[in-house]
Structure formats: structure tokens, C-alpha cells
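Please read them beside the coordinates.

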Amino acid sequence: MQGFREVFKEVSLAILPITAAVIALQVLLVRLPLELFARFLIGAVMVFVGLALFLQGVKVGLLPMGEAVGGELPKRGSMPFLLFFAFVLGFAVTVAEPDVRVLALQVDVVSGGLVDRHTLIFTVAAGVALFVALAMLRIVLRVPIAWLYGVSYLAIILLSFATPAAFVPIAFDSGGVTTGPVTVPFILALGLGTAAVMGGRSSFADGFGLVGLASIGPVLGVMLLGMLFG
Amino acid sequence: MSALAAFLDFRHVGLEVLLALAPLVAFFLFFQLVYLRLPAAFVANMFKGVALCIAGLVLFLQGVQMG
């Protein structure tokens, strides 16, 4: 359990300010019913312990797992193989991402069940999967990354006018939450591994950019979902 | 009291977390068995990490939903 102290410190820094703010509000201003306040405190303790355990688990378990799979995938020959498993990996990591779940839960509750959380998680995961595969294709075919970003963001801007207004903010939030503690190590390792294995590409110039591209997919996906619902 | 009892009902969140991590673990196991063949001790250590992740996620999501 080495490094646990570090994780503990990190989590304290993340959670104590908001907890202190709520306690200050409770004492000075709002005075929530005691039961509600107790719920908040117990919830905060659970989030604290949970996050610390989770981050330690990511360090010990998911990080080496991501490196192993991400480094191995590109060594195994053919393009269809690489693209297919990049897609599957993108999907699997997003489904496991806690940030995505928190957002989906909030959207489910706020929209009164109109946007079911499983639908949202599925859409976001499909978006990430597609764009991780596209990003791999880019590395292999050496498409300039600016070109891919340009086209994708143009699509986002155009779609944001066509999508029901209520879905546009959710779409952008979806793009943000995908790049959390589970997704990032896997996708980074995949990009760096691919660039390292393919001849004539530098890991530095070609290996990065996947995380940024991966967060475009969910934005487009959720906008399309919005058009479907609207 | 019932509100506090709801805190300790981890069944729903537990199931959700297991379902969430299952595809990733299955994906890794497939790779491990077919291609990677990492040493068993290394994999065992990895799965300790995964177990921590599961426990942590259950607590975290339960805390978020309840508090």
C-alpha cells in the first residue's frame, strides 16, 4: 500500500473545501433540517473513503492493466484488429468511468427520467469508442491531427444549432466527464503504444491527442441523442 | 431512521459497479489469456487493485447518491 498517504492527501484536497463550504453555509446561513445535514455529512465521509480506495485501486490495478493492454494491442498485426479492439476498449473504459455515472445520474434525476441514465452512458461510451478508433486510424494513416479536430469541431458547432437547446450543455458536459481516472490511463497507453510500434512515428508527436479526440465523440453522440428525443 | 438505513443498502449500487467494471475486466482477461500471458503474481496484484476500485466505487457512488 505504498503511496496511500499521497492518495489520501490528494482526496482531502479535493473534498475538504466543498465540505467546509457546506458546513459554513449550514452554520451561518441556511440551517438545513438536521436529518438532511447528517445525510450530507455521512455522504461526504463515504465519498471521501470511496474516492481514496478507488484512486489507490486505479494506481495498483487499472494503470498497469491499461499499460499492458494499450502496449500490446498495436503489436498484434492487422488494422481491422487494431480498430475493432480500440473501439471495444474505448467502450469498456467509459462504462467503468465514475464521472460518467455521476453525470448520467444527475441528468436522469433532473430530467425526471426522460433521459434514462443507461441510455446516456451507452451514448457516451459509443461516442468515445468511435473516436478512439478514429484516432487510431489517424495515427496509422498519418492524417494531420489538426484536420481531424477541425472537422469534428465544425460538426459540433453545426450540430449545436440543430439540437434541442436543452441537450447542448449536457452534450458538452458529457465530453468533459469521459476523460476521468479510468479512461485516461488506458487511452494514453493505447496512443503511446501504437505510435511506438508503428515505424517512423515519434511517440511524442503522434502518441498524444487521443484523450482530446475521445472527448469529442460523446459531445456529438449526445447531440444526436437530443435530436432523437426532441 | 429509515433514511439512515437506506445508506447501508449497498445492493443496488454494488450491482451497478460490478456491471460497470465487468466489460473492462473481461477485456483484460481475454488479452491476458490469449496474448499477454503476464506472470501470475503481477496479475494477482492487479486484481487486488481492481478489488479496491470496486469497493471504492461502491462507497463513492453510494455517498454521491445519498448525501
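1. Helix α4(A) passes α3(B) in a right-handed crossing, where right-handed means that the near helix is turned clockwise from the far one, and left-handed that it is turned anticlockwise, by less than a right angle. The helices concerned are residues 98-110 of chain A and residues 40-66 of chain B, and their axes come within 11 Å and cross at roughly 25°. The axes are lines fitted to C-alpha atoms, for helices over the stretch in contact, and the angle between N-to-C directions can run from 0 to 180 degrees. α4(A) and α3(B) are therefore roughly parallel to each other; that label covers angles under 35 degrees, with over 145 being roughly antiparallel, 65 to 115 roughly perpendicular and the rest oblique.

2. On provenance: this is a predicted model, in which local features need pLDDT of at least 70 and side-chain atom pairs count only at pLDDT 80 or more, while totals for chains, interfaces and linings use all residues. Residues are numbered from 1 along each chain as its sequence is written, chains are lettered from A and ligands numbered from 1 in the order in which they are written, and side-chain values use heavy atoms, with hydrogens and water left out.

3. Overall content. Chain A has eleven helices and zero strands, and chain B has three helices and zero strands. Both kinds of element are DSSP runs numbered from the N terminus, helices being H or I of at least four residues and strands E of at least two. The C-alpha trace of chain A spans about 65 × 50 × 25 Å along its principal axes. Buried residues account for 49% of the 230 residues in chain A and for 45% of the 67 residues of chain B. Buried here is under 20% relative accessible area, exposed is over 50%, and partly exposed lies in between (1.4 Å probe, protein chains only).

4. α2(A) packs against α8(A), residues 183-197, at an angle of about 30°, with the axes 8 Å apart. α2(A) is therefore roughly parallel to α8(A). The crossing of these two helices is right-handed.

5. How many salt bridges does a search of the whole structure find over all chains? The count is three, a salt bridge being a side-chain nitrogen of Lys or Arg within 4 Å of a carboxyl oxygen of Asp or Glu. As background, side chains of opposite charge can pair when their charged atoms come close.

6. B:E16 takes part in a salt bridge with A:R101, with the closest N and O atoms 3.0 Å apart. This pair crosses between chains, from helix α2 of chain B (residues 11-36) to helix α4 of chain A. Both B:E16 and A:R101 are buried.

7. A:R117 also forms a salt bridge with B:E16, and the closest N and O atoms are 3.0 Å apart. Here the link between chains runs from helix α5 of chain A (residues 117-141) to helix α2 of chain B. Salt bridges that share partners join A:R101, A:D108, A:R117 and B:E16 into one network.

8. Within chain A, the side chains of A:D108 and A:R117 meet in a salt bridge at 3.7 Å, N to O. A:D108 counts as buried because its relative accessible area is 15%. A:R117 is buried too, because its relative accessibility is 17%.

9. What makes the nonpolar surface patch of about 810 Å²? The residues are A:I23, A:L25, A:V27, A:L28, A:L29, A:V30, A:L32, A:L36 and A:L41. Patch members have over 30% relative accessible area and no salt bridge; nonpolar side chains (Val, Leu, Ile, Met, Phe, Trp, Tyr) are joined within 5 Å, and like charges within 9 Å. α1 (4-30) and α2 (34-72) of chain A each supply at least two residues, and α1(A) gives the most, with six. A:L36 is found in helix α2 of chain A; because its relative accessible area is 45%, A:L36 is partly exposed.

10. A last point on chain B. B:L38 lies in the loop between α2 and α3 of that chain, and counts as partly exposed because its relative accessible area is 21%. B:L38 and B:C53 are 15 residues apart in sequence, and 21 Å separate them in space, C-alpha to C-alpha.

Definitions and conventions
Accessible areas come from the Shrake-Rupley method with a 1.4 Å probe; for residues, only the protein chains shown count as cover.
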